[in-house]
Amino acid sequence: MLKGKTAVVTGSTSGIGLGIALALARQGMNIVLNGFGEVPRAQIEALGVRAGYHGADMSRPAEIEAMMAYADAEFGGCDVLVNNAGIQHVAAVEEFPTERWDAIIAINLTSAFHTTRLALPGMKQRGWGRIINLASVHGLVASAQKSAYVAAKHGLVGFTKAVALETATTPVTVNAICPGWVLTPLVQKQVDARAAAENVSNDEAKRRLLAEKQPSLQFTTPEQLGELTVFLCSDAASNVRGQAWSLDGGWTAQ
Ligand code: NAD
């Protein structure tokens, strides 16, 4: 049922976004890629679907508008919107650079408001849609040194619920996914910082990172998050609305 439809996946040049884009492409969806760095267009096209790219900076509303207009003009609209682009900065609140605070709120939270308000009318008009917001365990619980990220992700979970209620009688569903640790470039930076601070190997830093929060002692993978996204896009999930769905190895069960 996803075949021939189009997904816009923000921040899909790397990590979780790329895993989700690949999983949706495997279902026959055309993909609008977004993000910085090398664009994995060929990887998507190898699955026999169309891949577009728009380099909008998710901290800039005018560029987000241009990206959504590109999806409309080149792909006939956005059927699945995955708000995934995100950044992290780790520091105590009194030392938190105000510019980093503003960037995290803009990219991890406000961008989802802009993409959603622009995607919804077309979804309603075409009679089907899925909006999936990549929140985090930090949308549900907090960790020290991550005030901006935790505030943005709690905000994203709240935003998900509000829009799910506004669309509850429509064929558009809105949900959030809350991963625990996933070994992507975003987390590798934290592994590197820990290895340096505690003077241990990369593997030991990973083990300590997991042991502290994630009872399964295993990283969640971009592939698992891709398959969860495919499920949320399925008919079986058509009455899953406003949920914050954890894939966190038990992190938030504690
Ligand atoms: P990543 O660093 O591998 O990828 C981030 C993506 O966002 C990249 O494609 C990057 O180019 C893009 N991006 C960054 N700033 C952007 C901007 N201003 N405009 C457009 N694109 C931008 O990170 P990831 O770990 O794959 O994270 C993806 C999402 O998942 C984020 O929202 C993150 O908060 C969330 N998340 C990650 C983890 C984890 O453990 N890695 C856990 C929970 C939630």
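Modeller: In this predicted model, the area buried between domain 1 and domain 2 is about 1200 Å², and carbon and sulfur atoms give 61% of that area. On the side of domain 1, Trp-181, Gly-249 and Trp-251 supply 56% of what that domain buries against domain 2, which is more than any other three residues. Sorted by class, the side of domain 1 that touches domain 2 consists of six nonpolar, ten polar and two charged residues. The contact involves 18 residues of domain 1 and 13 residues of domain 2, while the C-alpha centres of the two domains lie 25 Å apart. As for the division itself, domain 1 is made of two stretches, 6–181 and 221–253, and domain 2 covers 183–219.

Turning to polar interactions across this boundary, five residue pairs are in polar contact between domain 1 and domain 2, both partners being at pLDDT 80 or more, whereas the count of salt bridges between the two domains is zero. Side chains of opposite charge can pair when their charged atoms come close, and a search of the whole structure does find ten salt bridges.

One of these joins the side chains of Glu-198 and Arg-208, with an N to O distance of 2.8 Å. This pair links distant parts of the chain, since Glu-198 belongs to helix α6 (residues 185–198) and Arg-208, ten residues apart from it, to helix α7 (residues 202–213). Glu-198 is partly exposed at a relative accessible area of 33%, and Arg-208 likewise counts as partly exposed, at 27%.

Arg-208 also forms a salt bridge with Glu-204, where the closest N and O atoms are 2.9 Å apart; here both residues lie in helix α7, four residues apart, or about one turn of the helix. Glu-204 is partly exposed, with a relative accessible area of 22%.

Asp-203 counts as exposed at 56% relative accessibility, whereas Lys-206 is buried, with a relative accessible area of 19%, the limit for buried being under 20%.

Technical notes
Residues numbered from 1 in each chain as written. Predicted model: local features only at pLDDT ≥ 70, side-chain atom pairs only at ≥ 80, totals over all residues. Heavy atoms only, no water. Domains from an automatic or database assignment. Contact = heavy atoms within 4.5 Å. Buried area = accessible area lost by both parts, 1.4 Å probe. Salt bridge = Lys/Arg side-chain N within 4 Å of Asp/Glu carboxyl O. Polar contact = N/O pair within 3.5 Å; in protein donor to acceptor, adjacent residues only side chain to side chain. Nonpolar A, V, L, I, M, F, W, Y, C, P; charged D, E, K, R; others polar. Helix = DSSP H or I, 4+ residues; strand = E, 2+ residues; numbered from the N terminus. Buried < 20%, exposed > 50% of the residue type's maximum accessible area, 1.4 Å probe, protein only.
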